[in-house]
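Thanks for coming. I will take a few minutes on one hairpin and the aromatic rings around it.

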Amino acid sequence: QVQLQESGPGLVKPSQTLSLTCIVSGGSITTTGYNWNWIRQAPGKGLERIGSIFYSGGTMYSPSLQSRTAISRDTSKNHITLQLSSVTPEDTAVYYCARWVANKLGYDYWGQGIQVTVSS
């Protein structure tokens, strides 16, 4: 059973960098065929994919967030990390990490999500 757990600060000040970690257990983040994603949902809005890190270590970001986003991994700890810089109140959302299965073209495991509020 794969489990994903997001962690990080729940409150970030405007212009600062939001940093979140996704702790993965029950499966390796380097296993072929799986990609690891950060997704968010702002109040009253739908899900928005922020970006992905592939089993190979490559990354892909949403065009609208690419200039502010960095996703990395620590294979020794089996963690995925999100950094979103220059945040504004519009970045307030519940942030999720989720595993994408390439041969099923869908997500199979999600973290419970973490509320992040951007406010001074």
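I start with the strands and then move to the rings.

This is a predicted model, in which local features need pLDDT of at least 70 and side-chain atom pairs count only at pLDDT 80 or more, while totals for chains, interfaces and linings use all residues. Residues are numbered from 1 along each chain as its sequence is written, and side-chain values use heavy atoms, with hydrogens and water left out.

Strands here are DSSP runs of E, at least two residues, numbered from the N terminus. Strand S9, residues 93-101, runs antiparallel to strand S10, residues 106-110, and four bridges join them; two strands pair if DSSP finds at least two bridges between them. Ala98 has Trp110 in S10 as its bridge partner. Four residues sit between the strands of this hairpin, and Leu105 takes a positive phi near 50°.

Now the rings. Rings of Phe, Tyr and Trp (its six-membered ring) pair if their centres lie within 6.5 Å; planes under 30 degrees apart are stacked, over 60 edge-to-face, the rest tilted. The structure holds three aromatic pairs. One of them is Tyr96 with Trp110, edge-to-face, at 5.8 Å centre to centre and 80° between the planes. Tyr96 is in S9 and Trp110 in S10, so this pair ties together parts 14 residues apart in sequence.

Which residues do ring pairs link into a cluster? Tyr96, Trp100, Tyr107 and Trp110.

On accessibility, buried means under 20% relative accessible area, exposed over 50%, partly exposed in between (1.4 Å probe, protein chains only). Tyr96 counts as buried because its relative accessibility is 17%; Trp110, at 35%, counts as partly exposed.
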